[in-house]
Amino acid sequence: MNSATTPRSGMPTWASLGIIFGLVGAASILLFGPIGVSGTYPRLIGEVARAVDPAYAASNPYLVRMGSLLRPETFLVLGLVIGGFLGARRDAVKAPKVELPHPGVETNAKRYTEAFLAGFLILFGARLAGGCTSGLIISGMTQLSIAGFVFAAGVFATGIGTAKLMQAIRLGGR
């Protein structure tokens, strides 16, 4: 048996983890309703605004509608950060050197700046649309929503196309 299978079932690890993820996602939807993460950020801003200027926060309809930071989505965001940190440190073996995906970018500072700006634009777009992509994919697919499946296919197709385009640009620039 290799390391890609679980010891007892012989099932591939990815399949076992996928089943667990699906069950936890379904339980979360049953207990708390659909989940997503983009609402956590305006809730954080709301908490800061309530601490700094309670009158402004109480008069801002968007912050009032977003409500408290103490919601399941907040703990999902914390779990993503903590899980990523622990997962990265689980093994004593260092990860192999990662190929830089940004053509023409020579410094880490520029890469991190671009990644931050891209993340900000994604989050801004998600809030402008009134929801986030992770909520549509995770909650939508768990609820067998056609929109969730169509959007997931579009996200993956776009990601693959973008990766191929970036690779072509990088290889063409050599």
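Does N60 count as buried or exposed, and at what relative accessibility? The legends below take up this residue and its surroundings in a predicted model.

**View 1. N60 in the loop between α3 and α4.** The loop that holds N60 runs between α3 (54-59) and α4 (61-66). N60 counts as buried because its relative accessibility is 15%, and the cut-off for buried is under 20%. The side chain of N60 reaches the backbone nitrogen of Y62 at a distance of 3.0 Å.

**View 2. Helix α7 and its buried residues.** Helix α7 covers residues 133-142. Its buried residues are G135, I137, S139 and G140. An α-helix has 3.6 residues a turn, so residues three or four places apart point the same way. The cover over the buried residues of α7 includes α1 (13-32) and α8 (146-172).

**View 3. L144, after the end of α7.** L144 follows α7 and has a positive phi, near 60°.

**View 4. The whole chain, for orientation.** The secondary structure consists of eight helices and zero strands, and the pattern along the sequence is α-α-α-α-α-α-α-α. The chain has 174 residues, of which 21% count as buried; N60 is one of the residues that count as buried. Among contacts between residues at least 6 apart in sequence, 53% join residues at least 24 apart. The accessible surface of the chain is about 12800 Å², and carbon and sulfur atoms account for 72% of this surface.

How values were computed: Residues are numbered from 1 along each chain as its sequence is written. This is a predicted model: local features need pLDDT of at least 70, side-chain atom pairs count only at pLDDT 80 or more; totals for chains, interfaces and linings use all residues. Side-chain values use heavy atoms; hydrogens and water are left out. Buried means under 20% relative accessible area, exposed over 50%, partly exposed in between (1.4 Å probe, protein chains only). Helices (H or I, at least four residues) and strands (E, at least two) are DSSP runs, numbered from the N terminus. Contact means heavy atoms within 4.5 Å. Accessible areas come from the Shrake-Rupley method with a 1.4 Å probe; for residues, only the protein chains shown count as cover. A polar contact is a pair of N or O atoms within 3.5 Å; within protein, one must be able to donate a hydrogen and the other to accept it, and residues adjacent in sequence count only if both atoms are side-chain atoms.
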